[in-house]
Every structure is written in C-alpha cells, then in structure tokens.
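Subject: A structure for you to look at

Dear colleague,

I am passing on a structure that I would like you to open and read alongside this message. Please have a first look for yourself, and then go through the notes that follow.

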Amino acid sequence: MEGLVGTLFLTPLVGALLMPWVSKLGRRAADAFVTLAMVVTVVTCLLLLPGAASTCTFEWLGAHVEVDGLSLLFLVVVNGVGLCCAVYSIDYIGHYGGRAKFFSLLLLMVMGLNGMVLVRDLFSLYLFLEVASVAAYVLVAYNLEFDGIEASLKYLLLSVVATGMVLIGISLILATTGTLGFAGLRAALAGGAASNPVLMLAAGLFVAGFGLKAAVVPFHAWLPDAHPSAPAPISAMLSGVVIKVAGVYALVRLFFGVYAAPPHVLRALLILGLLSMVVGAVVAYFQTDFKRLLAYSSISQIGYILIGLGIGNWFGIVGALFHVLNHAIFKSLLFLNSGAVQYRTGTRDIREMGGLENRMRVTGVTSVFGTLSIAGVPPFGGFFSKLFIILGAVAAKQWVVAFLTVFFSIFTLGYFLYLQRRVFFGKLNEKWNELKEAPAAMSVAVVVLAATTLLVGVFFDSVLRGLIEPAARVLVGGN
Amino acid sequence: MTLLVGCLVLLVVAVVLLGLFRDLLYSALALAAASVLLSVVLFQFGANIAAVFELSVCAGLITVLFVSTVSLTKDSDQGVESRLPARFLLPMLVVFAAVAYGGSHWLASYLTAPAPPVGAPASFAEAFWGQRGTDVLGQVAIILAGVLGVLAVFRAKLAGGHHD
C-alpha cells in the first residue's frame, strides 16, 4: 500500500522533473512520457480501488497518510481527468509552444491534488493546495495573451486571500488545540467545537477560504475569467478537478471528518449551495462566450454538490459525491469540446458559430452526451446524482430546496440546448465550410469522457457500490 | 522582549515597504529583509528549525528566484502600473494595529493555558526528513512549479521570440 501511495506522490513529481530532458529527445518522447506518467497514476488508483471500503493509515516520509473511500473517489477523479487532459494536450498545446513546461506544470498540479487528498494533516493539506495552485496560476496565463495574464493575476490575488484565510484558520486551530493532525483534532474538538468562538472563527475562515477555491457564490469572482482564458485542458482540469479538490474536498474533509458536521455549518453550506446553483445558472444563460457559459455553469453545479452536503442525510451525501464524479466527467468533456471548437474556429463567441456538427461530428456528438448528462437526462450519470440530491431534499422535508433543484435542472437543460443549437446544430455558417474535425488525440480524449459519462449512468449501481457509497460512509462515519 | 517587539515592528515596516516600492528589485529585497526579521522572531520563540528554514529558503533561495525573475523583466515598461496613494498608508497601519491589538487580546482570553507541545524533533535532519518529509517534497514541488512558471511565462523572450 505504501508503495502505491508513494507512486501517486512521486510519479508526477519525477515526471515533472525529468520532462525538460525527455523533451529533448523530441516531441513524441514528451507526449509519450506525460501519457505514461498519467497512466501509471491511473493504474495505481485502480489497484487501490478494491480497498475502497476499508481505511488504510500509515506514515509516509513522516506524514500521516490515509487511503479511504473518500480519498479514492477524489484520486480517481483527479487522475482520470488528468490523463484525458494530458492526452488531449498532445495535439492541442502545439500552437502555444513550451510543450515540456506545460506538461511539467500539469504533472505538478496533479501531484499537488493527489497530495491534498492523501495527507491527514492541516498544514500538509495547505502545502499541497499551494503546489496545485502555483501550477494553476501559470497554466491559466499559458497563452501569454492579455486576457489570460489578467485572469491569472485575478486568480492569484483572490487565491492569496483564500489561502491567507485558511492559514489564519490553521494558526487558530494550532493555538487552541496544539495539533494539526486530523485524528488529534477530531479528538480535541469532540463536542466542544461549537462552544469555542476561536474554533468557530477558524471554521468561518475555512468556509470562506475553501469556498473561494471552490468558486462558491459570493466567492466566485475569479472563476469566470480564469476558466475561459486558460488553455482548454487546463479549463477542464480547473473546472472538473481543481475546484472540487481544493474547495469541496477540503471543506468535506474538515467539516465532516474533523468538526463532525455541526448543523450551522451544514446550513451555511446549503445556503451557499442554493445561491451558487441559482446565480451560476442565471448568469450562464446570458453568456455568449462558449467557455464563460461553461464556467458559470460550473459555479451552478458546485451549488448542487454543496446542497447535497448541506442536506446532510445519506441520499444528499451520496448524491453530492456522485455529482463530484459526474461533474468532473461531463464538465471536462464540455470544456475539451469548447477547446476543440476554438482550436478550429479561433473564436469562443457562440453567435459566430452554428451547424458545426456537420464538420466536427465527433466534437458535436460528444458534446450532446455532455449536455444531456449535465442537464440530468437519463440514462447519463448526471441524472442519477441529481436524483439522489433531490431525494435527499425530499427525505429531509426541504421542499423548497427540492423544487429549486428540479427547476434549475430544467433551466440548465434549457440553456445547454440553446448552446447546442447555436454552436453545433442549425444551418452551417458559411465561413466554416472548410472546417475539419479536431486532431486525433483531442478526439480520443473527448470520446473516452463521453463514453464514461454514459457508462457511469448505465452502470450507476456498480459505481455507487464500488466508489460512491464507500466515500459516503467515510463522511457519515466521520472518519 | 525588546528585541522581539523591535523585530515585529520592523517586520511590519518591511512588509509595508514591499508593497510601496515601485521597483520590483527593491520589493524583493524588502521581502528578504522581512524573512530575516521573521527568522529572528522564530528564534526568539525557540522555533529554531523553522527559523533556519525561513532564513535559508525564504530569505535566501526565494530572493534569488525573485531577483532572477526581476532581472529577466527589467527592461519591461513598469511606468504604467498604478499604486495605492500614500495617503492611505497611515489609516491602513492604524486599522492593522487596531485589529492586531484587539484580535490578540480577544484570542488571549480564550487561550488561558499554553498550547500543548507539538513534539520537539531530535535534530534538524529528523525534523526535515523524519517528521516533515512529505512537506519537504511539497516545498520542492512548489519551488519547481515557480521556476517552471517563470520559464513558461518568459518562454517567448528566452527563445528569442520564437515558440517551439
């Protein structure tokens, strides 16, 4: 087990270190190397999967490391989406240049996210959050154009505020309890957290800090600029993975695992979730920039996840965690689709598009898969996760929450169908007559993600039993 | 106690100057000075290993990285940047001092007993590799990401304006 976990830390780090030298052997060598590194991490996750129902704890290089169902769910998401994005980048990144540096930074981002998921110490969690964040700041600005650099600076400045709040929260916790290990904290906080104002102040700082990382309304200002400006595979990583691990995972691990889910924090998560779901969806409706629409939709979908967690019952938690998986798949898919469209047309303005499905069949068909899943249409994965969240709301007699969740699912279907019609269907805009399908590696990545979002829905029972329920049990058990 | 208070005051001054300098090189040097002062504060609290780390990595390595980056961008136009008017400085310092004073008193009322010891390491090597080896790995990754970031952002310049 230690060896497998070490692989998840070291493979991306060593890959990032060696990449500049490997790339000297040629472009193909760099492509093969990054793919190999990501395949190794994915295979490692798959090897760990049979142990999802149990918790394995050990010391690794002095750190308290733990693999449980919740870690495994997020590890699968990080490394699975990371592999697809790496493969997609093989053809996509050519026109940006700096291939080796891009792959190295992508691997470091994966390493940081893996580290966050595996460590059980608040300071180590903060440190690996910074690893992923530093790589992300650079990757957002990778096009070196004005909008990318501006978005990166905005992301950096707001993230500094977020991590500053997290660091102050960590200091308060250390000063109060004398420990930062999750197990020690759980024992120290047992029963007394709600009555200690210092610990509740720390909890508030964590909600704001990690909420900003998760781009939850009202802490979302950085996301609508950062995600559209970044290269498409990085948008996919940010939207599909980073906001979930750096935001949602950290919140979940702290408030369910350490603070034992205090009711007022769950209420705060529910309110923030509802705000995000509504504001994200309504603002997305008015967007004409393909990627900006997807970015606002991510804010809305993070809202669903927080609603499920805020409801706090079994259905709600299962739905929220299932939506983490589904959103990672279909939002990565949709961002990669938008990247393919921009790669060929050179624009993100959906008013200039139309009928692209006639020329980019793979991109068009796979984007329909993503649209149906995000809108919660059966048998795609998104349907089942939203269903569980709604069931959770009904079971908790939160009728307004249940109604709003259903309503905004239909609303999401509405603006995504509008997006599909304006971009892929209808009459082909004449200026796109000579358009070609995206290059092979980009198409392979989107086909894999599209197939996955369908298969997760068709075999939802197996996915629930093998991956989601073990993760939910960790939260309900408070481990 | 006098040394501690003096260092803390100078630390605040160094950090404020860091934000006020228009020349990035001076800002980098102010940051290095702040790191040195923080190291002294850490020594005063008996956190010797943290102090050595702060002095070597933050005041040393990070300053070298910043100065290298600044030298790469030195010929860039820095005249158009805006900055906070100086009249905001005094009110900001007053607000900061008030928050720090009020906050520390409020905290002190809840921290009646000293926090339990975290567990002192036997040696620097033990602290570095035995207790926080994973964190060292994370630090290496952050520095690597920073270096790669500088190289990536200035890749066109380094390659003479041509992408690969």
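In which helix of chain A does His227(A) lie? The residue His227(A) belongs to helix H9, which covers residues 223-229 of chain A; helices here are DSSP runs of H or I with at least four residues, strands are runs of E with at least two, and both are numbered from the N terminus.

Before going on, please keep in mind that this is a predicted model, in which local features need pLDDT of at least 70 and side-chain atom pairs count only at pLDDT 80 or more, while totals for chains, interfaces and linings use all residues. Residues are numbered from 1 along each chain as its sequence is written, chains are lettered from A and ligands numbered from 1 in the order in which they are written, and side-chain values use heavy atoms, with hydrogens and water left out.

To stay with His227(A) for a moment, this residue counts as buried because its relative accessibility is 0%, where buried means under 20% relative accessible area, exposed means over 50%, and partly exposed is in between (1.4 Å probe, protein chains only). If neighbours within four places in sequence are left aside, the residues in contact with His227(A) include Trp222(A), Ser235(A), Lys291(A) and Phe335(A), a contact being heavy atoms within 4.5 Å. Pro50(A), by comparison, is 177 residues from His227(A) in sequence, and their C-alpha atoms are 34 Å apart in space.

Now to chain A as a whole. The chain holds 18 helices and two strands, and its C-alpha atoms fill a box of roughly 65 × 55 × 40 Å along the principal axes. Its radius of gyration is 21 Å, which agrees with the value near 23 Å that a compact globule of 479 residues would have; this radius is taken over C-alpha atoms, and the globule rule is 2.2 Å times the number of residues to the power 0.38. Of the 479 residues in chain A, 65% count as buried, and among its contacts with a separation of 6 or more, 81% are between residues 24 or more positions apart. The accessible surface of chain A is about 15,000 Å², with 68% of that belonging to carbon and sulfur atoms; such areas come from the Shrake-Rupley method with a 1.4 Å probe, and for residues only the protein chains shown count as cover.

Helix H14 (residues 361-374) has 14 residues and reaches 20 Å from its first C-alpha to its last, close to the 20 Å expected at 1.5 Å a residue, the expected span being 1.5 Å times one less than the number of residues. Its buried residues include Thr363(A), Gly364(A), Gly370(A) and Ile374(A), and what covers the buried residues of H14(A) includes helices H12, H13, H15, H16 and H17 of chain A. After H14(A) comes Gly376(A), whose phi is positive, near 80 degrees. The 25 residues of H16(A) should span 36 Å at 1.5 Å a residue, and its end C-alpha atoms are 36 Å apart, which agrees. Phe408(A), Tyr415(A) and Phe416(A) are among the buried residues of H16(A), whose cover includes H11, H12, H13, H14 and H15 of chain A.

The loops also hold some details of the backbone. A cis peptide bond, with omega about 10 degrees, joins Val217(A) and Pro218(A), and Pro218(A) is found in the loop between H8 and H9 of chain A. Ala215(A) is found in the loop between H8 and H9 as well; its phi is positive, about 60 degrees, although it is not a glycine, and Ala215(A) is buried, with a relative accessible area of 0%. Another cis peptide bond runs from Pro378(A) to Pro379(A), with omega near 5 degrees, and Pro379(A) lies in the loop between H14 and H15 of chain A.

Finally, chain B contains seven helices and zero strands. Of its 164 residues, 23% count as buried, and its accessible surface comes to about 10,100 Å², of which 75% belongs to carbon and sulfur atoms.

With kind regards
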